[in-house]
Amino acid sequence: SLDSAWQKWDRAWNHQKGLEGEVKKVAPHHGTYDHPLIYKRDAEGLVYRFYNVKANPIQGEPISVVLGDVVHNLRSALDHIVYALHFKTARSGVLSRKVEKHSGFPIRDAKPADPPSQWESIKRLSRAERDAIELLQPYDARKDGLEDCRRALSEIHRLDIIDKHRRLHVVRAGMAAIGVPFIDGHGFKQ
């Protein structure tokens, strides 16, 4: 069943709510833009972009720890889904040690040479299940409404690896940008 995946998802949600509380403690005005503007001109000099930027490191171990918990529980929920899919197709109701060891949701930023039927973590799933997982891979650049999902999976995977091996550094940032065309000889468009 997907009970364990839902439990991980719920745990991530609870951590995310805790994260919001920790951010409010150290950055009560998070999201306000009360800082001076800076501008950058693009390479051709055709557009100036104005930014309202202020980025300060947020001090406080609880935030990076809780953020790591959110990310890890989301990543773990994906692995639990694949495990449940493997279990669903197990003939004897028991998974082999090899399947248990290698079962997991693959997240690939670059297209591998091998097709999903050869990916150790999902090769024993049905073709339809493998195809669905492949459709969500970040390396898939098609414009089909799943771009945000693919980007999120890539970020979850990247942040989970960072959190496992070193500390996540959290930064408070606010930014707004407006592109203004540059008209040669006249400065900014009036």
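Modeller: On aromatic pairs, the structure holds zero. To pair, rings of Phe, Tyr and Trp (its six-membered ring) need centres within 6.5 Å; planes under 30 degrees apart would be stacked, over 60 edge-to-face and the rest tilted. What you do get is R108 lying over the face of W119, 4.3 Å from the ring centre. A charge sits over a ring when NZ of Lys or CZ of Arg is within 6 Å of the ring centre and within 35 degrees of the ring normal.

Keep in mind that this is a predicted model, where local features need pLDDT of at least 70 and side-chain atom pairs count only at pLDDT 80 or more, while totals for chains, interfaces and linings use all residues. Numbering runs from 1 along each chain as its sequence is written, and side-chain values use heavy atoms, with hydrogens and water left out.

Now the layout. The protein has five helices and six strands, in the order α-β-β-β-α-α-α-α-β-β-β along the sequence.

Let's zoom in on helix α5, residues 147-165. Its 19 residues reach 28 Å from first C-alpha to last, close to the 27 Å expected at 1.5 Å a residue; that expected span is 1.5 Å times one less than the number of residues. R150, L153, S154, I156, D160 and I162 are buried in α5. Buried means under 20% relative accessible area, exposed over 50% and partly exposed in between, with a 1.4 Å probe and protein chains only. D160 counts as buried because its relative accessibility is 4%. D160 touches V71, H72 and R75, leaving out residues up to four places away in sequence; contact here means heavy atoms within 4.5 Å.

Another α5 residue, I156, turns up on the contact list of L74, along with W9 and A12, once neighbours within four places are set aside. L74 belongs to helix α2, residues 61-89, and is partly exposed, at 21% relative accessible area. Its C-alpha is 9.3 Å from that of H157, 83 residues away along the chain.

Over in helix α1 (residues 3-26) we find L19, which is buried at 14% relative accessibility. Beyond four places in sequence, L19 touches I63, V66 and L67.

Setting aside residues up to four places away, E129 touches L85, K88 and T89. Across the protein, residues 24 or more positions apart supply 64% of the contacts with a separation of 6 or more, and buried residues make up 29% of the 190 residues.

How far to trust all this? Mean pLDDT (the predictor's confidence in each residue, from 0 to 100) is 77, with 67% of residues at 70 or more. Confidence is highest in α4, at 95, and lowest in strand β6 (residues 187-188), at a mean of 40. Over residues 171-190 pLDDT stays under 50, and the model has 50 contacts beyond four places in sequence for that stretch.

Methods:
Helix = DSSP H or I, 4+ residues; strand = E, 2+ residues; numbered from the N terminus.
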